[in-house]
Amino acid sequence: MKKWLLAAILIVLALVGYVAAGPYITYTAIRDAVETKDTAKLSRQVDFPQLRANLKLQLDDYMVRRAGPDMQSSLFGVFAVRVASGVAGAAVDTMITPAGLAAILEGRAVVHRVAGDTGPDPYRPARPTNPLRDPSYRFESLSRFSATVPGEDGEDITLVLTRQGLRWKLSDIRLSEPARDALMRRP
């Protein structure tokens with residue numbers, strides 16, 4: 001009887017340890033996939049439908065706040081915000097693919113290139129970096145975990161992982177104001 005109880009306790013402790021270590025393992029897998037440009041490995045760590053939905057909500061909220069109360073109260077303003085929301089949603093659908101997400105996570109320079117802000121030499125190759133280095137980790141709840149990575153240009157990026165059963169997947173990327181500005185200024 002004692003052997004069964006001890007075995008059950010060990011199994012429960014191992015399971016709890018695995019679930020607790022899961023977001024760190026997933027974040028490391030995401031970072032390694034971005035560094036090696038392995039989109040297949042990256043796609044296994046991402047919940048794409050949830051990520052697209054969360055980014056669309058972020059951009060919709062951003063547009064409504066940028067429009068201001070005067071624009072929101074007019075019929076034309078509501079129509080314009082609705083059209084812009086549809087365009088932003090289509091952009092998110094286009095960009096949030098395994099290859100597009102890898103490019104975005106590769107560095108904020110990609111966001112600036114998409115926005116047309118290429119600097120003095122658009123053909124200069126980007127220097128290799130480890131864009132997901134030195135994160136600060138935080139459990140937000142038992143099934144939500146965030147990793148905030150400081151950007152070189154002051155633009156922090158927060159990756160949010162959610163637990164789905166025993167696995168953790170990337171489900172949200174919290175964009176900073178400058179990153180949202182860059183995405184909204186797309187040509």
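Let's start with the ring cluster. Ring pairs join Tyr24, Tyr27, Tyr137, Phe139, Phe145 and Trp168 into a cluster. Keep in mind that this is a predicted model.

How many aromatic pairs turn up across the whole structure? The search finds eight.

Take one of them, Tyr24 with Tyr137. Their centres are 5.0 Å apart. The angle between the planes is 75°. That pair is edge-to-face. Now look at where the two residues sit. Tyr24 is in helix α1, residues 2-36. Tyr137 is in strand β1, residues 136-141.

Tyr24 is partly exposed, at 34% relative accessible area. Tyr137 is partly exposed too, with a value of 34%.

Stay with Tyr24, and move to Phe139. Here the ring centres are 6.2 Å apart. The planes stand at 70°. Why is this pair called edge-to-face? Because an angle over 60 degrees counts as edge-to-face, and the planes here are at 70°.

Where do these partners sit? Tyr24 is in helix α1, and Phe139 is in strand β1. They are 115 residues apart, and the pair again links distant parts of the chain. As for Phe139, this residue is partly exposed, with a relative accessible area of 38%.

To recap: Tyr24 pairs edge-to-face with Tyr137, and also edge-to-face with Phe139.

How values were computed:
Residues numbered from 1 in each chain as written. Predicted model: local features only at pLDDT ≥ 70, side-chain atom pairs only at ≥ 80, totals over all residues. Heavy atoms only, no water. Phe/Tyr/Trp six-rings, centres within 6.5 Å; stacked < 30°, edge-to-face > 60°. Helix = DSSP H or I, 4+ residues; strand = E, 2+ residues; numbered from the N terminus. Buried < 20%, exposed > 50% of the residue type's maximum accessible area, 1.4 Å probe, protein only.
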